[in-house]
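Have the structure open while you read.

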Amino acid sequence: MSIQFKALPTEAVRALQRGGPDAYGHTPERRISDGDGVPCRHCMRNVAAGDGYLILAYRPFPELQPYAETGPIFLHADECERGADADALPEMLESSDHIVRGYGKDDRIVYGSGAVVPTGDIAARAETLFERDDIAYIHVRSARNNCYQCRIERA
């Protein structure tokens, strides 16, 4: 089975980069990167030292419901090119481990699917989860802070 790591959609990111409201209705905060641990969820690369970035609340679900987690993410402040859908691990996933968790077609957590996984094993874990019919897509989240990183879908 083949998988694809998916970056945030460009249309939504451009609105945020142009000052549009985040998931809480606030204008994204602007900061300057020190080059350490600032992964952009659009290009799926880290924001380089000295470059501007945004901090904002993001909800990677189509509608509000009990499992629709909202949390902080980073984006380049200036427009960047969307990371290509690919089966290769995105550059931004450089921590030693991440939470990998499956969601159903109803956008709710599929219990028993979540695990803290060494970064190098994320793709294999995703392929294993996609053997289940009840898993529609997967989120990769930081193991330390539970921040949304990216989505994985069947190719």
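## The enclosed cavity

A quick reminder before we start: this is a predicted model. It holds one cavity of 30 Å³ or more, and the volume of that largest cavity comes out at about 30 Å³. Lining it are Tyr58, Pro60, Glu69, Thr70, Gly71, Pro72, Ile73, Arg141, Cys147 and Tyr148. By class, that lining splits into six nonpolar, two polar and two charged residues.

Which strand gives the most to the lining of the largest cavity? That's strand 4 (residues 71–76), with three residues. And where does the cavity sit? Domain 1 (7–76) and domain 2 (86–154) both give residues to its lining, so the largest cavity lies between them.

## Two domains, side by side

The domain assignment of the chain gives domain 1 (7–76) and domain 2 (86–154). Taken over C-alpha atoms, the centres of domain 1 and domain 2 are 19 Å apart. As for what touches what, 18 residues of domain 1 are in contact with 19 residues of domain 2.

## The largest pocket

Now for the open spaces. The largest pocket has about 320 Å³ of space. Its lining is made of 21 residues, and Gly37, Pro39, Ser95, Ser142 and Gln149 are the ones that lie nearest its centre. Strand 4 has the largest share, at three residues.

The class make-up of this lining is nine nonpolar, seven polar and five charged residues. Where is the largest pocket in relation to the domains? Domain 1 (7–76) and domain 2 (86–154) both give residues to its lining, so the largest pocket lies between them.

## The second largest pocket

The second largest pocket comes in at about 230 Å³. It's lined by 13 residues, and closest to its centre are Leu8, Tyr58, Arg59, Pro60 and Phe61. Tyr58 and Pro60 also turn up in the lining of the largest cavity.

Strand 3 (52–58) and strand 8 each supply at least two residues of the second pocket's lining, and strand 8 gives the largest share, three residues. How do the lining residues of the second largest pocket divide by class? There are nine nonpolar, no polar and four charged residues. Both domain 1 (7–76) and domain 2 (86–154) contribute residues here too, so the second largest pocket lies between them.

In soluble globular proteins, nonpolar side chains tend to be buried together. In this model, the largest nonpolar core has 18 residues, and those with the most contacts inside it are Phe5, Leu93, Ile122, Ile138, Cys150 and Ile152. Strand 1 (3–6), helix 2 (122–129), strand 7 (137–142) and strand 8 (148–154) are the elements that give two or more residues to this core. Helix 2 supplies the largest share, three residues. A second, separate core of 17 residues includes Val13, Val38, Tyr58 and Cys80.

Leaving aside neighbours within four places in sequence, Leu93 is in contact with Phe5, His98, Thr119, Ile122, Val140, Gln149 and Cys150. Of these, Gln149 is also one of the residues nearest the centre of the largest pocket.

## A closer look at Ile99

Ile99 is part of strand 5 (residues 97–103). Is Ile99 buried or exposed? Its relative accessibility is 16%, so with the buried cut-off at under 20%, Ile99 counts as buried.

If you skip residues up to four places away in sequence, Ile99 touches Ala115, Val116, His139, Val140, Arg141, Ser142, Ala143 and Asn146. For a sense of distance, the C-alpha atoms of Ile99 and Ala136 are separated by 17 Å, with the two residues 37 apart along the chain.

## Two positive phi angles

Met44 isn't a glycine, yet it has a positive phi of about 65°. You'll find Met44 in the loop between strand 2 (29–32) and strand 3, where it is buried, with a relative accessible area of 5%.

Asn146, one of the residues Ile99 touches, also has a positive phi, near 65°. Its place is in the loop between strand 7 and strand 8. Is Asn146 buried or partly exposed? With a relative accessible area of 28%, Asn146 is partly exposed.

Definitions and conventions. Residues are numbered from 1 along each chain as its sequence is written. This is a predicted model: local features need pLDDT of at least 70, side-chain atom pairs count only at pLDDT 80 or more; totals for chains, interfaces and linings use all residues. Side-chain values use heavy atoms; hydrogens and water are left out. On a 1 Å grid over the protein atoms alone, a cavity is a set of points where a 1.4 Å probe fits but cannot get out, and a pocket is an open set with protein on both sides within 12 Å along at least five of seven lines; lining residues have an atom within 4 Å of a point. Grid points are joined across faces, edges and corners, and a volume is the space filled by probe spheres set on the points. Helices (H or I, at least four residues) and strands (E, at least two) are DSSP runs, numbered from the N terminus. Ala, Val, Leu, Ile, Met, Phe, Trp, Tyr, Cys and Pro count as nonpolar, Asp, Glu, Lys and Arg as charged, and the others, Gly among them, as polar. Domain bounds come from an automatic or database domain assignment. A nonpolar core is a set of buried Ala, Val, Leu, Ile, Met, Phe, Trp, Tyr and Cys residues joined through side-chain atoms within 4.5 Å. Buried means under 20% relative accessible area, exposed over 50%, partly exposed in between (1.4 Å probe, protein chains only). Contact means heavy atoms within 4.5 Å.
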